[in-house]
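Biologist: I'd like to go through this model with you and ask where the labels come from. Can you give me the rule each time, and then the value?

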Amino acid sequence: MFTKLSSLVPLLATVAAPVLGQELGCIPPVRPFVPSDRRDVEAYSDLIRQDFEKYIADFEAYLRCLDTERDRAFAEGQEVVQEYGRFQELTGRSDRR
C-alpha cells in the first residue's frame, strides 16, 4: 500500500503545483516601512536596508509573475476563441446576422 501511495506523490505534485500557483495568483510585495523619526532610521538602518532589498527582489519576481500570467491568459483566450469557432462549425450556427 505504501509503495502505491509513494508512487502517486510525484504525480500529485506536478498536478497540484500549477493549480496552487494559479489560485494564489501574483501577490504584490509589501512596501518597506521607513520610520519618520531620524533616530529610529539610524537605529534600524540595517533592517530597513534589508527590507528595501527584499522588496526590490520580490517586486522583480512579482513583475515576472504578472508577465507569465498575462501570457497564460492571452493563450487561454486564443484557445477559447478557437474552440468557439469549432463549436459554431459543429452546430452549423454563426452569430453573423
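Modeller: Let's start with burial: buried means under 20% relative accessible area, exposed means over 50%, and partly exposed is in between, using a 1.4 Å probe and protein chains only. Keep in mind that this is a predicted model, where local features need pLDDT of at least 70 and side-chain atom pairs count only at pLDDT 80 or more, while totals for chains, interfaces and linings use all residues. Residues are numbered from 1 along each chain as its sequence is written, and side-chain values use heavy atoms, leaving out hydrogens and water.

Biologist: Then why does D58 count as partly exposed?

Modeller: D58 has 30% relative accessibility. That falls between the 20% and 50% cut-offs, so D58 is partly exposed.

Biologist: And what makes D58 and K54 a salt bridge?

Modeller: The rule asks for a side-chain nitrogen of Lys or Arg within 4 Å of a carboxyl oxygen of Asp or Glu. For D58 and K54 the closest N and O atoms are 2.6 Å apart, so the pair qualifies. Both lie in helix 3, four residues apart, about one turn of the helix.

Biologist: How many salt bridges does that rule give?

Modeller: Six. Another of them joins R49 and D46, at 3.3 Å from N to O; these two are three residues apart in helix 3.

Biologist: Are R49 and D46 exposed or partly exposed?

Modeller: One of each. D46 is at 52%, which is over 50%, so D46 is exposed. R49 is at 45% and therefore counts as partly exposed.

Biologist: What about R72 and E69, why are they about one helical turn apart?

Modeller: Because they are three residues apart in helix 3. Shared partners link E69, R72 and E76 into one salt-bridge network.

Biologist: How do you know what counts as a helix?

Modeller: Helices are DSSP runs of H or I with at least four residues, strands are runs of E with at least two, and both are numbered from the N terminus. This chain has three helices and zero strands, in the order α-α-α.

Biologist: Which residues of helix 3 are buried?

Modeller: I48, Y62 and Q88. Across the chain, buried residues make up 6% of the 97 residues.

Biologist: Last one: what makes C26 and C65 a disulfide?

Modeller: A disulfide is a pair of cysteine sulfur atoms within 2.5 Å. The sulfur atoms of C26 and C65 are 2.1 Å apart, so the pair meets the rule. The structure holds one disulfide. It links distant parts of the chain, 39 residues apart: C26 is in the loop between helix 1 (2–24) and helix 2 (38–43), and C65 is in helix 3 (residues 45–91). With a relative accessible area of 28%, C65 is partly exposed.
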